[in-house]
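Q: Hi! Could you look at this one with me? I'd like to start with its cavities.

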Amino acid sequence: MTDPPKMTDASPVAWGADGVPRSPRFDDVYYSSAGGLDEARSVFLDGCDLPDAWAGRSRFVVGELGFGTGLNILALLDLWRRTRPDGAHLHVFSVEAFPMPAGDAHRALAVWPELADLAARLLAQWPRRARGFHRLAFVDLGVTLDLAIMDAAEALDAWSGQADAWFLDGFSPSRNPEMWSPDVLAGVARRSAPGARIGTFTVAGAVRRGLEAHGFQVEKKPGFAAKRERLEARAPDAPVSPAPRAPSAAIVGGGIAGASLVRAFQALGVRPLLVEAVAPGAGASGNDAALVMPRLDAGSGPIGALYAQALARAADLYDQASDAVIAHGAVQTEVEPKDAGRFDRIAQSELFEIGAVERLAPASVSERLGETIAMGGLGFRDARVVEPAMALGDWLRAADCIVAQVAAIEPVGDAWRLVDGEGGEIARADIVCLACGLEAARLAPDLPLAALRGQVSMAVAAEPVAVIGGGYAIPTRRGLLFGATHDRNDASAEVRPEDHRRNLDLLATVLPALAGQLNPADLTGRASLRAVTPDFLPLAGPLAAPGLFVLSGLGSRGFCAAPLLAEQVAALALGAPSPLPAPLAEIVHPGRFAARRNRRLMRSAKVQVAAPT
Ligand SMILES: Cc1cc2nc3c(=O)[nH]c(=O)nc-3n(C[C@H](O)[C@H](O)[C@H](O)COP(=O)(O)OP(=O)(O)OC[C@H]3O[C@@H](n4cnc5c(N)ncnc54)[C@H](O)[C@@H]3O)c2cc1C
Ligand SMILES: C[S@@+](CC[C@H](N)C(=O)[O-])C[C@H]1O[C@@H](n2cnc3c(N)ncnc32)[C@H](O)[C@@H]1O
């Protein structure tokens, strides 16, 4: 594995006189000067027997090592849009350790007018240059693209999908050996579906032998342009099983978790039924505005990475939802002395794109917030303030929705019955996702969820710049929302005057002058219950019973976490590749508490066996 790439503002690309992008680091070209698009079609598309390989398939997965300009993937999408099997989905996983800025990709791709429309769509969602997985989508084409910005060997360890075809497109093995190492070839083999095809331009002996050692049948074919030969390889086939019928899915709960799930299932080609007890937004997701910000208390380990990825995905999806975004960007202020060092580290973290998180001195914080603030802070470019009703409305617009309170979920054959309080059947589905906040623990009793009551206060006042510190204050479409209280062992949703006073105290920690101008008697409010888990991380994934899934425990950051975690749940439910690196999927897996309990039991059993009698 190479050292983790250091993200810099500098582009990894240099431009030759022939107009072909080159890598000074590897002293090689991104694609052939004899014609990059023709080369992509010959080496990778023909090399993987496309489109024949996806004929009759409802899902097809392509992996690529070396995303570069995105040219191979555009050639793939261009073929897919012309030959896509009816209703089928294409999942692409591509890896890039040295991402180029969109400007360079734009310059490279401008050479092919026939790809102009696809190139424009790719460039419009060009991934942030930050370490981690990034999801892009072409929903109308049924295409999902997960891009791993990291070293190839690390990415293959982190990805949990299985590719039906691989484009191996590192620079030449002599110049870029890390892309062709035994570790990388083993990763490709591990993450290959039965019968997977591989296309590559190199016939280097080590690559051929490496693939053969993993059971691939390797064949040399005539190469592109001046290259004498290229390689095709194929993994052993498995018996062909009939394409499964599309499953039916039901989502219980119409808050941000449920709406995100509806959107995510639809993006993967399945139209779920939503069952909501009252109305979308009736629970914690119904405030006038919500701040979309990551948890920052977790450093740059998996929790920090999870929230950084979630923020990027949430920002992109809210931006696409009509009229959902009230404001872009937010300021996080220091609260405790140790925050200064912590914030320095966060601003330099490679989890966020360079420039997306800015370290702010007190003077800059004051300038942004419009009043004198003694603390420094962080400016988050990708934070959003959203109007929940608009986001929910957009994502639920095309959904089938039943208003009913689910009292129980019962297995019937391979499916599930949703049952009301009188035992009447509300609906049946192959897949059921519990997205009903705390109520998920009543429908699946082992879920470790607890209530954390919260009240926000609202005032008709100047709309502030979004700020979070000890408390938070954000603009709504009518004024200002701030708070919020956090109370355990209290499941009441009544609005309390004393909580308005507590919220004013919180507001004074971030915007003291504004807090001084507000009269508690003029405030309105809304109270609801957060669902929290013992480790304050969400539950996103399968339950022990097949076909049953949960997205809950979103705590105080549901609007940041839900859009990405819903994609995780939908992917797991439909057998599609996960958008999360494996270590991140683990920390939100609903089975983690039971697994930890089992590990503790095993350890104590071992200690007892080992103890002298
Ligand atoms: C005061 C306060 C302020 C907050 N501010 C923010 C913020 O600014 N940013 C942020 O990211 N997060 C914020 N949060 C947290 C955020 O609101 C939650 O994380 C998020 O709303 C949880 O969404 P959910 O969909 O899981 O649950 P909910 O929004 O509670 O949705 C659950 C839905 O399920 C339905 N339901 C329940 N039981 C059943 C059943 N048996 N059958 C059918 N339907 C059922 C309910 O009617 C409800 O609509 C705040 C929370 C509070 C309390
Ligand atoms: C030949 S170019 C790929 C061209 C690309 N497929 C396209 O369509 O433009 C090889 C790519 O591999 C990337 N790369 C090199 N070493 C890597 C590594 N260790 N891990 C991941 N990517 C790497 C390079 O940055 C470069 O973008």
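Q: Which residues line the largest cavity?
A: R135, A137, T144, R263, A264, A267, L268, R313 and E567 line it. A cavity here is a set of points on a 1 Å grid over the protein atoms alone where a 1.4 Å probe fits but cannot get out, and lining residues have an atom within 4 Å of a point. This is a predicted model, where local features need pLDDT of at least 70 and side-chain atom pairs 80 or more, while totals for chains, interfaces and linings use all residues. Residues are numbered from 1 along each chain, and side-chain values use heavy atoms, without hydrogens and water.

Q: Which element gives the largest share of that lining?
A: That's α8, with three residues.

Q: And how much space lies in there?
A: About 60 Å³, counted as the space filled by probe spheres set on the points, with grid points joined across faces, edges and corners.

Q: What about the second largest cavity, how much space is in that one?
A: About 40 Å³. Its lining includes F67, W126 and I149.

Q: Switching topic: where is R271 found?
A: R271 sits in the loop between α8 (256-267) and β13 (273-276); helices (H or I, at least four residues) and strands (E, at least two) are DSSP runs, numbered from the N terminus.

Q: Which side chain does R271 join in a polar contact?
A: The side chain of D400, at 3.0 Å. A polar contact is a pair of N or O atoms within 3.5 Å; within protein, one must be able to donate a hydrogen and the other to accept it, and residues adjacent in sequence count only if both atoms are side-chain atoms. The R271 side chain also reaches the backbone oxygen of A398 at 2.9 Å.

Methods. Chains are lettered from A and ligands numbered from 1 in the order in which they are written. On a 1 Å grid over the protein atoms alone, a cavity is a set of points where a 1.4 Å probe fits but cannot get out, and a pocket is an open set with protein on both sides within 12 Å along at least five of seven lines; lining residues have an atom within 4 Å of a point.
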